Structures are given as structure tokens and as C-alpha cells.
Protein chains: 2
Amino acid sequence: MKLLFVVMDGLGDRPIKELDNKTPLEYANTPNMDKFASLGMNGLLHVIAPGVTPGSDTAHLALFGVDPYEYYTGRGPFEAAGIGLEVKQGDIAFRTNFATINTEDIITDRRAGRISEGTKELAELFKNMEIDGVEILLVAGTEHRAALVLRGDGLSDRVSENDPHVEGQKPLEFKPLEDTPEAQKTARVLTTFVMKAKTLLSNAELNKNRESQGLPLANYLLIRGAGKVPQVPNFEEEYCLESACVAGGGLYKGVGRMLGMHIIEDSRLTGGTTTNLTAKFDVALEALQTYDFVFTHVKGTDNFSHDGNPVGKMKFIEKVDKELYRFLPENFKNDLVVMITGDHSSPCSFKDHSADPVPVVIYSPDCRVDKVEKFGESYAAEGNLGHLLGKHLMGIALNELRLVHKFGA
Amino acid sequence: MKLLFVVMDGLGDRPIKELDNKTPLEYANTPNMDKFASLGMNGLLHVIAPGVTPGSDTAHLALFGVDPYEYYTGRGPFEAAGIGLEVKQGDIAFRTNFATINTEDIITDRRAGRISEGTKELAELFKNMEIDGVEILLVAGTEHRAALVLRGDGLSDRVSENDPHVEGQKPLEFKPLEDTPEAQKTARVLTTFVMKAKTLLSNAELNKNRESQGLPLANYLLIRGAGKVPQVPNFEEEYCLESACVAGGGLYKGVGRMLGMHIIEDSRLTGGTTTNLTAKFDVALEALQTYDFVFTHVKGTDNFSHDGNPVGKMKFIEKVDKELYRFLPENFKNDLVVMITGDHSSPCSFKDHSADPVPVVIYSPDCRVDKVEKFGESYAAEGNLGHLLGKHLMGIALNELRLVHKFGA
């Protein structure tokens, strides 16, 4: 038996007046999800714990059975892994932006005009760089994004960032966040690195071209999200599942990669609201030929939430639903388990994550069907899974896969 | 947004034959609580954990998100803080009664005839007392009640009490409950103190007057509930909420004070079954002008339970309900969250606390309304909060207040 695990980012919501006081998911016309709901088991998922608002990173660790309180050190390691950097335990990893700084040292564009080409070449400038015995690894991601890793002895992730998070200000100084030689050294290395980077980037051919075209220069690096790369459990070994990750966003690929999943690289796999959902679920279907466990991440729901757009979210959910026809029970020989949920709620009224639980449905061919007939927050509250914790989800999934690990004899 | 948190002591109950097999809460006519139930989210709260019967002290710690297994050392510190004694971390605090002892050393009245006047003057007798380098602080409370604090080095709360808990017996000896110099020293200091107190009290002017009036003398101190004052988290700092405590009972004020809440002192705020509920909720409403979080405690429900009086409890609940009209959604501009529950169940058939969960309702203007229409034990069991733990309540409340602390990014 195989398992398709669909995570719609920020899926959970609150009643919306314009939607007859239903949530976007409840209001949406979702015949396929409703079929799984009516043939499956439903419940409300507290991804980390009741009353705890998850970040996307901690949420995904929890969904995969990894305790974020034990393993989460910061977002950097997962972003770096997502971009493809082979992080090692003990590395200090950061999220990085190519940014624009003017001659008065003011950040004028935190994303260097969302630069779309040439950042790979810019990253090449830092090849084989070493500062104070610390190896510097910089890898470009999509648009203005990059990941930075410091590799060496005596480093710490307890350092502040240089990103002021608003434009029109000077970058901040890196400061040790604790009084240790490791934190001091790391802040020092970062300070030197950013100075060197400014010079290297300013002199780069690409920036001369951008200047002549009147484009914002990619002449500075904003660095944040420090995290020491943890030794996370290996998902495949832990659960004896050949696992694949079908995702666009770097973070989700990064979590998958760090847990040892196979990352399916396909240029059609993007995050966001305009992603090619047909391609995404085609890839997921194909992955089920090879892998036991296919994690498929859809980002758009959360984007609509952050924009406070419940109608957009509702329609996007309908688009996702359309693509799920591939996985309906009639298309499989009783050998597919389907699990659909979100990583957290993002009510459109909050425009941000919340601690509200997310609906979850688990379908397997001979599961204990409950009376729920539609997929949604209020319906799931009446399902036979009750309220459950993210950390218990994988165990329940393994049970449906009949991969039972008996505790005791 | 602000939050009103109403705790009815010992609210939860069991079906009562005379009440058509409903609980006092279910039987009571409570249109206001029912309105919150029908517009809000309902559930059953296990204040500490399923199957654990809370004390009033441990229950309130848990309701405020403070783990009683980590922080609770005994009732003394909270009673002392409630009376107004400025306890310090490491103090050993006790609940104390002024009592009557006869010439044969028999306790004839554990409450000195519920003495109502003059105990402040009696407590003055102990001013600046020191025994064995240990500072003695005695503060009188209401009626026969007082709080005792021992302050100094090398003390322990592992000592037995001298209260036999029945009349007609001699006081017990203080004994160390563990074989440590600290426990031995504390037992010794208490023994000396009680002997000195007996002499001082016997010679007091007040007792000479009481003798001539034929009143029981307040000539002895019964001491119990030893607890080392813990360093509890500061509620306001923990949750970034300016918080007020509206309560009559010393214990509840004590828990509030130790957690750093502002204690509203008003002579109309009393506990018990005859308390002025109109005044209590007037004070609570006024406090909402100033504070973000107003904890309002009502004691009477529990008193009726201890007396095994379900009809009295039912009618008292109706009186509380009447006063809640002030907080109905129509009187606020979508800026008040209301949370109503109990600190534990006290079934009238038990005449004591029980481990049965208590109903809880949380109303906020855009919460996920469930289908529950009345506030009560059996109705709450069908609410969308499901079963929840006391320790999760504050997180859920903060989420409704939109004071989101994201874990991760």
C-alpha cells in the first residue's frame, strides 16, 4: 500500500461573512475531497499543540513526526537544504537575500528588484572563500533568494541578523546573542563576509550591466534566520517508507531533504497561487509508481490568506480539488491511502498563521468510516479522529498502511 | 481586544434525580451563558489531566498556564499572598487558624468561635519576632484565618502540621517529613513559635475581654499547608497582557498576586454563597476599561456542592447568569473575548472535588461557532473544542485575542 499526503499550506480558516459564514474550505465546491471525507476518517489536527501557532517549518517537522521542540533551531538550515545546499550537522545556515544598497549605505530594495537572472553567477564569486578558518558556502535560489552556510569549528547560531526588514534604513550590525566565544566569532565572520561581499558584488559584471539598464543592483546580502543544522531523524529509515517530496517552495523541499526524502525536481513545481496544479498532481501520481509515501505540498492557500482574500482561497481550493480525481478509490486497487490536511490555519481575517486546528481526512480502503460527508473545519469536528496532535499523524498513517510496529509483545 | 475569564468554582456536576437527571448547570435557566455557548466554541476541560482531581490552588495555576507539577509546593504560599503578605521566593508559608485551646491542652474550637474582630491586633504581638535567626511574619486574614511565613536560611516545607482537623484533641507535634537538617530546623522553629504564641495570645487584652464575655479565646495557632514559595512565571510578562484579578477568596487573590496580576481590592468582593454578584461583575466590567485580561472568580457554586445542595447550586448559577448580560456581544464593538468555565467539578453527590471535566465556552467575534446551543456538561461534550487540557487554555485564549506567538517561521 502507498500513501499520498497532501498538505495545503495555511488551509484552516474562520467563518467569513461573504461566504455565508462558512470558511473558504467549507464554502468551496470540493466533490473529491468530500468523497475522501465521506469514505474516510475526519478530525481536527493541532499540528504542534492546542493553542500553539506553528511556523511553516516547525509545522512540517511535526507533521512528519519530528518534534520541533527538540530539533528546530531556525529556518536557515531548511531553506539552505531546499535550495540544494548539502548541509552538514553543525553547519550554521542562514536565509539570504540579494539586496540593493546605495552609496549612503541605505537599503533601497530588500530584493534587488526581485532579480530573476544571474544570481548563480554572483554566487560563484564566493567560491572557495574562507574567513578566519571558516568555510563560506553561498548558493543562489529562486529570484533574489540565496542560502548561506558557515562551516567550521567554534561557531554558533546565536547571532542577530543584518536585515532591517524595511527599506530606507541601514543594514543592522551582526551581534552575538549570547556571551560566548562562538557567538562572537560567528558575528565577526558574518561582518567581514558582508563587507567583502559588498565589494565583490559591486564590482561584478552583472551589476555593471544592471546599472546601465537602470535596474536595482544586487550589491548587498541581507542575512537572517540563523540555525545550526540539527541531526534530524531519517524519515525513510524511521518509517521504512521510500519517500518523495513534491513541492515548489524551498522550505518544504528543504524539510524533505533534511529528513532524507527524495526531492522531485521539476521546473513546473512552483509554489504560489499560479502554480501548475495539474503538473503538480501529475508528478505526484507518477511518484506513487516508485515511492511508498508521496508528500505533495500546495502553497497557494496560504498566500491568499496572507493577502486576506477568502474568495481567492476558496477558488484555489476548488482548483486543487479538481486535480485530486486521479487519486479517487475507483482508480486504485485498494492500495492507496490518502491523507489531506494543512500545516496550520491562516485565517483570512488574521492575514497570518493562527493556532486554530486544521481539518484532516485520512482515507484507506477499510478504515473506520465516520459520518462526516464533507471536508471542512466544522465537519471534521464531528469526525471519529477527534482532536489529534501532529506528532501522532505518522503513526496513524502507518497503521493505515498496515506497517504496524508493535510496542511490546 | 480584551478577555473576560469567568471561573465558577466547582462548577461541574453530575446528573441529579431531583433535577430531571440534569446537572445543576444544565437545569438552570441561563440565557446569557447559553448565548455565549451558541455563538462560541464549547468543550470539556480537564483542568490538570483526565482522571486527576484538582485542588483549587493547583487548578488555578493550570488554568493560567502554570504547570502545577512544576510550581506547586503547597497551599500556604498562595494563601499568604492572598492575605497580602509579600512573600519572597524561598519563604516557607503556612495557612494558620486562630483557635481555642483549654487548660488541658485540648483544642475546643478550631476557629476560636469564628472570631471576627481583633485578629489584626493579635498578629501585631508577633512583630519583629525572630527564632533561631528565622524571621516570623504573621498576618491576619478574614475571621479566624491568618498566614504565617518563616523567612531565613536552611528551612524546608517538608514538615507536618499541628492541626488535628477535629476538635476535642490535642494539637499534633510538628515533625520533619524528611531526614534533613532543614526540615528538622523548621519543625523546631515552629514548635518554639507555637509555644511562644500560646503565651503571648493568652496574655493578650483581647482574650481577657473575650473571656469576660464568655467567648472562645483566640489563644492558639493551628498551622498547616506548608509550602516553599516558588518562583512562578509572571503572567503579564508571559502573555503580554495587563491583567486584573476580581475575587473574594484569599487563595484566588493569592494565585493572582503571585502570578503578578493586579488584585482589585473592594470590600464588596467576597467569596461564598451570599456574595454581592452585581458588585462583582460591576467591578469586572470596570476593570475591562483598564486591563486586557480580567479574571473573575465566583466561589458560591463550590460551597453549595460541598453542602450537597444541587438546588442551591442551580439557583446560584442562575444568579451569576443574570449578571453576565453586561458582557453580551451586543454591548461590545467586537472587542471582547469571553471565556467561562470552572476550576474543577464538585458533584453535589460527592460533596467534594472530582476529576470530571468541566464545561468551557470560549466566545470571540469571529470564532469557529459550533452547533452547541446551551452551556452545560453534556452539551459541551459535542462542541468543537473537544476535550482539552487546562494548560492549553491560555494559548487558545491568546489566539482568540490575536496575540499570536508563532513558533518557528
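Q: Where do the domain bounds come from here?
A: Domain bounds are taken from an automatic or database domain assignment. This is a predicted model: local features need pLDDT of at least 70, side-chain atom pairs count only at pLDDT 80 or more, and totals for chains, interfaces and linings use all residues. Residues are numbered from 1 along each chain as its sequence is written, with chains lettered from A and ligands numbered from 1 in the order in which they are written.
Q: OK, how is chain A divided?
A: Domain 1 covers 2-71 + 233-400, and domain 2 covers 79-228.
Q: How far apart are the C-alpha centres of the two domains of chain A?
A: The C-alpha centres of domain 1 and domain 2 of chain A lie 33 Å apart.
Q: And how many residues does their contact take?
A: Domain 1 of chain A gives 6 residues and domain 2 of chain A gives 7. Contact means C-beta atoms, placed from the backbone, within 7 Å.
Q: Switching to the chains. What rotation superposes A on B?
A: A rotation of 121 degrees, with 0.1 Å of shift along its axis, at RMSD 0.2 Å. The two copies are thus related as by a three-fold rotation axis.
Q: What about the surfaces they use?
A: The copies use different surfaces: 4% of the contact residues of chain A recur in chain B.
Q: How many residues are in the A-B contact?
A: Chain A puts in 28 residues and chain B 20.

Terms used
Copies are superposed by least squares on the C-alpha atoms of residues with pLDDT of at least 70 in both. Two residues are in contact if their C-beta atoms, placed from the backbone, lie within 7 Å.
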